[in-house]
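Student: Could you walk me through how to read some features of a protein model? I would like the general idea and then the case at hand.

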Amino acid sequence: MTVDQLPGRVREFASYLNGLLARLDQGGGWCAVFWQRDPDGMQACLGGREVPPWDVVEALLQDLATVHGTEAARREAEQARRLHADALAAFDNRPGARQDLSDRLDVTLREQRYAAERLAQLGRALDSAHSREQAEALHIDLAWARDDHERASARCAELRARMARLEHRAERAGRPPAETLTVTPERAGRPPAETLTVTPEPAPAPAPAKQRKRRRGSARFAGLAEDEAAPGAVPQVAPRTADASLPETATGRRTPRGARFAGAVEAPARPEPAPAESDEESGRAVAAAVEMLERLRAEGRTGEAHALLAEVALWPAARFPLLADALQRTGLGADWATLLWEAASLPPARLVAAADALTAAGRTDDGRQILRQGVARPAPEIGEAVLALDTEGRHREARALLDTYVQVRPPEETAHSAEPDPQRLVPLLLRSAQEISDQRHWDLLHALRVAGLAS
């Protein structure tokens with residue numbers, strides 16, 4: 001397809017993207033990373049043959065903020081989002097778009113899972129690092145693995161949103177009604193029931209004469225293949241202010257959906273106590289979810305399966321041991337690992353409650369893992385979460401979160417968690433470090449002094 005044959009909205013976005021890159025240093029920042037990892041993908045987007053995921057556009061806008069200032073990026077963001085959304089809508093009007101999106105989602109979900117496994121492996125390796133040089137190298141690898149996972153998560157959300165729009169259009173054209181899975185409310189005051197909609201797949205279209213080449217999905221741009229070597233450090237970008245220089249979106253990296261982003265930044269006020277749930281009620285809910293998950297996996301409906309796991313991750317902590325047993329008993333152990341990763345970014349109090357429930361049920365390793373994964377957040381977020389829990393009198397939860405954080409994160413990073421309130425947080429951090437070892441206490445104190453947070 002020539003440029004003149006492209007849909008107008010796709011052509012308009014491609015023209016905008018060319019203009020944006022012309023204003024950037026293409027040998028630095030994220031722009032350089034994208035050119036290094038997938039030059040063909042960049043050329044395809046600049047030529048209008050592909051529309052990049054929004055996280056790529058957002059990263060380029062962050063490069064713009066670094067070079068020209070946050071105000072310039074702010075002015076560009078609204079136009080970029082509008083043009084990008086219009087281009088996606090036009091792109092998804094092509095024949096075969098639904099199957100193409102499904103293929104991409106399959107690839108992206110696998111990359112999301114790989115990134116989660118990679119983070120866990122690197123975390124374990126960091127604990128056993130024997131030198132500062134080895135630890136520093138692992139920190140670089142961890143930063144890239146976190147970025148890979150964030151991008152894969154954002155792209156999964158974006159692809160699911162695009163698929164949902166196509167499904168909605170198909171339903172209006174006479175598709176069969178959707179199945180529904182009833183999810184039990186977590187506490188009083190919510191509607192009688194929530195429903196997770198799982199849309200049946202349409203009847204198979206005639207197979208094309210020539211087999212299509214499977215797209216690389218999120219391996220494009222910032223996604224690392226297993227045999228690729230990561231660049232040195234994750235590109236630095238202009239810091240985001242509280243009012244945010246870039247727009248919040250339903251599918252962007254700033255507000256992805258699912259349990260991993262269910263209020264991880266702000267620790268909400270203490271919720272109303274959940275009504276007691278009997279073992280029988282919990283068992284029924286778990287059995288229904290696992291049965292649905294088995295069916296979705298058997299039918300190859302990976303996008304719907306992941307959406308179900310994201311919803312289940314928001315369930316009460318008491319159900320987690322039951323879910324672990326049921327998933328592993330039915331051969332869905334990989335889904336249990338995904339569920340643990342999803343739940344690791346629950347709000348801090350709920351994260352600790354889930355870890356407690358798993359530990360009490362004899363699943364100590366799972367309890368430790370969810371906490372270790374849960375503290376893989378920016379240092380200031382950890383500090384804010386600890387402050388909120390401590391203010392509410394939830395000292396045990398605050399201590400559990402902080403002890404794990406100080407144990408698994410390097411002192412240089414840990415020190416920055418004191419920034420929200422050094423007077424309150426520094427003593428708490430040093431107490432946790434002292435319980436690990438005298439050396440950890442000294443290293444953290446030194447890092448706090450270097451950061452200007454302790455005398």
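Student: Does G333 count as buried, exposed or partly exposed, and at what relative accessibility?

Tutor: First, a word on the source: this is a predicted model, where local features need pLDDT of at least 70, side-chain atom pairs count only at pLDDT 80 or more, and totals for chains, interfaces and linings use all residues. Residues are numbered from 1 along each chain as its sequence is written, and side-chain values use heavy atoms, with hydrogens and water left out. Now the idea: buried means under 20% relative accessible area, exposed means over 50%, and partly exposed is in between (1.4 Å probe, protein chains only). G333 has 31% relative accessibility, so it counts as partly exposed. Its place is in helix α11, residues 333–343; helices are DSSP runs of H or I with at least four residues, strands are runs of E with at least two, and both are numbered from the N terminus.

Student: Which residues does G333 touch, leaving out those up to four places away in sequence?

Tutor: Contact means heavy atoms within 4.5 Å. By that rule G333 touches L327 and Q328.

Student: And is G367 buried or exposed?

Tutor: G367 is buried, because its relative accessible area is 2%. This glycine lies in helix α13, residues 364–374. Not counting residues up to four places away in sequence, G367 touches A355, L358 and T359. Its C-alpha atom is 7.3 Å from that of A354, 13 residues apart along the chain.

Student: How do the axes of α12 and α15 cross?

Tutor: Axes are lines fitted to C-alpha atoms, for helices over the stretch in contact, and angles run from 0 to 180 degrees between N-to-C directions. Angles under 35 degrees count as roughly parallel, over 145 as roughly antiparallel, 65 to 115 as roughly perpendicular and the rest as oblique. Here α12 (residues 348–360) and α15 (residues 395–408) have axes that come within 9 Å and cross at roughly 80°. That makes α12 roughly perpendicular to α15.

Student: Which residues make this contact?

Tutor: From α12 they are P348, L351, V352 and D356, and from α15 they are R396, E397, A400 and L401.

Student: Where is D38 found?

Tutor: D38 sits in the loop between α2 (29–37) and α3 (39–46). At 2% relative accessibility, D38 counts as buried. A polar atom of the D38 side chain lies 3.0 Å from the backbone nitrogen of G41.

Student: How many helices and strands does the chain have?

Tutor: There are 18 helices and 2 strands. Of the 455 residues, 47% count as buried.

Notes. A polar contact is a pair of N or O atoms within 3.5 Å; within protein, one must be able to donate a hydrogen and the other to accept it, and residues adjacent in sequence count only if both atoms are side-chain atoms.
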